[in-house]
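Open the model in your viewer and keep the selection tool at hand. The stops below say what to select and what is there.

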Amino acid sequence: MSEHIINIPCSAMPMLLETNSEIAPIPFIHCNRIADFHVLIYLKAGCMEVIEDGTVYKLLPNSSFFLKGGIHHVGVTPCDKGTAWDFAHFVCSEITSDMVEYDWQTVVKGRIRLSQEDLNKYFSIPKITTLPQSSDIKRLLSDMINAHNTGNTLGANNLLWQVLFEISELPHRNKTISKSKVSDVISFIEKHYCDNFSSKDVEKYIGFSYKYISSIFKTETGMTIKEYQLMLRIRQAAKLLCSTDLDIAEISDKIGFYDPFYFSRIFKREKGFSPSKYRQNYILEYNATFQKSEYYTYIFEYNLFLFMLQKDYTTYINRIMLEDIPNGK
């Protein structure tokens, strides 16, 4: 089943029919119907499942969701008592075949710019969107509900249009901020990779939902946040194994693994050797390298002695550079 996307023409303001905030006093199932209006749901707390034309959608807190008018939808499982959401029922003009999609590059730093040329354009609303913690959309929704319930119909419609536009713009805006946010996540992990930080800790530091930041982190790096944390932990463990005489339990504790047996199992999975075998291999390789280094040191000192006798330092330095005599390798 394909998603039923709502398209909004730039030339006509949508009309708000009904809006409010709700909290389920008892377990609640979304109604079974084919509505003649579109539905916006912003889930604030709890979970909600809705089927639209055979496709199941699972809503999580801090996400917006749209149901298209004229398409059958029905609730799946009961929402828990205390589930909270804002909703809006609205209608809008249909787009025509000669309309083109709005160019989001004209939105500069979140400022909406519409010109006369945009009257023949439309924008599409994503089915589900996780709203950033710092998003103004939640405030706009609250203002829209308040305006509608106090009789300010024109103001409520204007706020609805802005809500729809900003939700539509959000995925395009995210493309420009994703790299900087990923950099912030990397910085956070590198500072705290030995700690057992939670998703809430990441959200507090970054200012976005963990689900959203995890998604762009995976897209940009090819790794999940936990995979990157594990990579740093294993890298540090390998360094400590090779540069200290700490035992396995001490190293496990230092990098945030409080069970040395679990640490050893994970280390072997990642490196192909147990921690003790990895250390043993390193010592053997180091000793072999050291012996080779002693040989090159002897050759180096012998050649230096010969050239010093000839006092031809320039020739010696040039020869060293050209031959690139290994230094401890």
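## Stop one: Lys138 and Asn62

This is a predicted model. Select Lys138, which sits in helix α1, residues 137-149. Which residues does Lys138 contact once its neighbours within four places in sequence are left aside? They are Tyr42, Asn62, Leu131, Pro132 and Gln133.

Now show the side chains of Lys138 and Asn62. A polar contact of 3.3 Å joins them. Asn62 belongs to the loop between β6 and β7, the latter being residues 63-67. Is Asn62 buried or exposed? Its relative accessibility is 10%, so Asn62 counts as buried, the limit for buried being under 20%. Check the backbone of Asn62 too: phi is positive, about 70°, although the residue is not a glycine. Most residues other than glycine have a negative phi.

## Stop two: Asp53

Select Asp53 for another positive phi. The value here is about 50°, and Asp53 is not a glycine either. Asp53 lies in the loop that links β5 (48-52) and β6 (55-59). With a relative accessible area of 32%, Asp53 is partly exposed.

## Stop three: the nonpolar cores

Zoom out to the whole chain. The protein has 9 helices and 12 strands. Of its 329 residues, 38% are buried. Among contacts with a separation of 6 or more, 70% are between residues 24 or more positions apart.

Next, select Ile8, Phe66, Phe90, Phe123, Met144 and Leu164. These residues have the most contacts inside the largest nonpolar core, which has 30 residues. At least two residues of this core come from each of β1 (6-9), β4 (38-45), β9 (84-91), β11 (121-125), α1 and α2 (153-192). Which element gives the most to the core? It is α2, with 9 residues.

Keep Phe66 selected and show what surrounds it. Not counting residues up to four places away in sequence, Phe66 touches Ile6, Val39, Leu40, Phe90, Ile125, Pro126, Lys127, Leu164 and Ile167.

Then select Phe188, Val202, Ile206 and Leu232. They are included in a second, separate core of 16 residues.

## Stop four: Ile225

Select Ile225, in helix α5, residues 225-243. Ile225 is buried, since its relative accessible area is 2% and under 20% counts as buried. What does Ile225 touch, not counting residues up to four places away in sequence? The list is Val185, Ile189, Phe197, Val202, Tyr210, Ile213, Ser214 and Phe217. Take Tyr210 from that list and draw a distance line between the two C-alpha atoms. Ile225 and Tyr210 are 15 residues apart along the chain, and these atoms are separated by 9.9 Å.

## Stop five: Asn157

Move to Asn157, in helix α2. Is Asn157 buried or exposed? It is buried, at 8% relative accessible area. Show its side chain and look for two distances. The side chain of Asn157 reaches the backbone nitrogen of Leu16 at 2.6 Å. A polar atom of that side chain also lies 2.9 Å from the backbone oxygen of Thr153. Leaving out residues up to four places away in sequence, Asn157 touches Met13, Pro14, Met15 and Leu16.

## Stop six: the largest pocket

Finish with a surface view. Rolling a probe the size of a water molecule over the atoms shows where empty space is left.

The largest pocket has a volume of about 230 Å³. Select Glu22, Phe28, His30, Trp85 and Phe87: of the 16 lining residues, these are the closest to the centre of the pocket. Now colour the strands β2 (15-23), β4 and β9, each of which supplies at least two residues of the lining. Which of the elements gives the most to the lining? That is β9, with 3 residues.

Last, colour the lining by class. There are 12 nonpolar, 2 polar and 2 charged residues in the lining of the largest pocket.

Technical notes. Residues numbered from 1 in each chain as written. Predicted model: local features only at pLDDT ≥ 70, side-chain atom pairs only at ≥ 80, totals over all residues. Heavy atoms only, no water. Helix = DSSP H or I, 4+ residues; strand = E, 2+ residues; numbered from the N terminus. Contact = heavy atoms within 4.5 Å. Polar contact = N/O pair within 3.5 Å; in protein donor to acceptor, adjacent residues only side chain to side chain. Core = buried A, V, L, I, M, F, W, Y, C linked by side-chain atoms within 4.5 Å. Buried < 20%, exposed > 50% of the residue type's maximum accessible area, 1.4 Å probe, protein only. 1 Å grid on protein atoms, 1.4 Å probe; cavity = no way out; pocket = protein on both sides within 12 Å on 5 of 7 lines; lining within 4 Å. Points joined across faces, edges and corners; volume = space filled by probe spheres on them. Nonpolar A, V, L, I, M, F, W, Y, C, P; charged D, E, K, R; others polar.
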